[in-house]
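Notebook open, model loaded. I'll jot things down in the order I look them up.

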Amino acid sequence: MGIIRSSIILRPYDTLLYATKIMIMEYVPKAIVTDEKGFPLGALTQKDIIKFVYEKGEEISFDKVYVSEVMRKDIVCVNESIDPLEAAEIMIDKKQPLLVVCSDDGKALGMIIKSDLTQYYASQIRGLQKTEEYMTSPAITISKSDSLINAVKTLVEKDVSRLIVVDEDKIEGQLTTTDLLYMAPAIKYKECKINVSEVMSPNIIVVDAGEDLASAAKLMASRKIKGIPVVKGDKLAGVITTTDVTKALLDDRVRKYLYEIKMYTSTF
């Protein structure tokens with residue numbers, strides 16, 4: 001299956017207001033920024049927007065900030081023939097949220113994000129790794145009665161894209177950068193009185209720590225989500241994310257597994 005997806009294209013002179021609106025309307029977590037000729041200049045993610053708005057505070061106006069001020073410029077361009085395992089290695093080693101897929105003349109054709117590699121894992125791997133081997137533990141949690149601003153502060157300082165919302169040790173949902181993008185105008189006000197319970201996604205889908213990682217990956221791919229709480233018994237054990245699944249692709253067991261499948265199927 002293909003791992004390359006089309007991307008929303010932003011220009012450096014687009015406003016933050018426009019970028020936020022289009023990412024919400026198209027329900028996309030990331031976008032490529034190019035010049036008029038289609039050459040990539042940078043990338044913009046939900047996390048970039050949330051961090052920028054939180055740090056700048058009330059001094060910013062969404063319609064007067066340009067994408068060029070918020071975008072990340074440390075992008076990596078790859079050829080459209082790139083192998084999924086090579087893509088995973090580059091993303092993890094270079095700490096990239098996406099790879100820009102470019103033509104031979106350097107123009108942007110699309111992008112690869114960790115959700116694409118998670119879907120690849122779900123379609124190709126079975127019974128090889130357990131969720132608990134790759135989950136992030138402990139999960140970073142927050143109370144549903146906590147303030148939105150404190151939640152954003154935690155996300156920014158911990159450099160994560162989600163918090164697990166708990167109440168008396170019970171998982172109530174998640175708060176993600178996707179949820180926060182809708183609230184971006186409110187985030188700049190440090191005295192904002194909104195609570196986590198008013199913004200969070202009441203998503204209580206969980207996976208067991210001992211479950212096949214492929215099942216967790218399939219669940220993320222089918223639900224179009226980037227992370228799921230992991231439980232052991234009735235206790236929160238961690239969280240499994242698309243980043244964790246991407247790391248799992250770097251395991252030598254995966255390379256051997258895929259090689260053996262290729263050798264087996266090529267004989268028929």
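Where does Ser 115 have its place? I find Ser 115 in helix α5, which covers residues 114-124. I'm working from a predicted model here.

Next I checked what Ser 115 touches. Leaving out neighbours within four places in sequence, I get contacts with Arg 5, Lys 226 and Thr 242. I also took the distance to Tyr 18: 97 residues away from Ser 115 in sequence, and 24 Å away in space, C-alpha to C-alpha.

**Annotation.** For residues 3-60, I get 36% helix and 22% strand, with the end C-alpha atoms 37 Å apart. For residues 135-191, the figures are 37% helix and 28% strand, and the end C-alpha atoms lie 34 Å apart.

**Helix packing.** I then went to α2 (residues 46-56) and α7 (residues 148-158). Their axes are 10 Å apart, and the two helices pack at an angle of about 120 degrees. The crossing of α2 and α7 comes out left-handed. Which residues make the contact? From α2 I list Ile 50, Lys 51, Tyr 54 and Glu 55; from α7, Ile 149, Val 152, Lys 153 and Val 156. Sorted by class, the contact of α2 with α7 has 5 nonpolar residues, 3 charged ones and no polar ones.

**Rings.** Tyr 54 turned up again when I looked at rings. The charged end of Lys 190 sits over the Tyr 54 ring, 4.5 Å from its centre. I also searched the whole structure for aromatic pairs and got 0.

**Backbone.** Last, the backbone angles. Most residues other than glycine have a negative phi, and most peptide bonds are trans, so I went after the exceptions. What is the peptide bond from Ser 137 to Pro 138, cis or trans? I have it as cis, with omega near 0 degrees. Pro 138 lies in the loop between α6 (131-134) and β7 (141-143).

Then positive phi. Tyr 27, not a glycine, has phi near 50 degrees, and I place Tyr 27 in the loop between α1 (16-25) and β2 (30-34). Lys 224 is another non-glycine with a positive value, its phi being near 55 degrees. I find Lys 224 in the loop between α10 (213-223) and β11 (227-232).

Technical notes
Residues are numbered from 1 along each chain as its sequence is written. This is a predicted model: local features need pLDDT of at least 70, side-chain atom pairs count only at pLDDT 80 or more; totals for chains, interfaces and linings use all residues. Side-chain values use heavy atoms; hydrogens and water are left out. Helices (H or I, at least four residues) and strands (E, at least two) are DSSP runs, numbered from the N terminus. Axes are lines fitted to C-alpha atoms, for helices over the stretch in contact, and angles run from 0 to 180 degrees between N-to-C directions. A crossing is left-handed if the near helix is turned anticlockwise from the far one by less than a right angle, and right-handed if clockwise. Contact means heavy atoms within 4.5 Å. Ala, Val, Leu, Ile, Met, Phe, Trp, Tyr, Cys and Pro count as nonpolar, Asp, Glu, Lys and Arg as charged, and the others, Gly among them, as polar. Rings of Phe, Tyr and Trp (its six-membered ring) pair if their centres lie within 6.5 Å; planes under 30 degrees apart count as stacked, over 60 as edge-to-face and the rest as tilted. A charge sits over a ring if NZ of Lys or CZ of Arg is within 6 Å of the ring centre and within 35 degrees of the ring normal.
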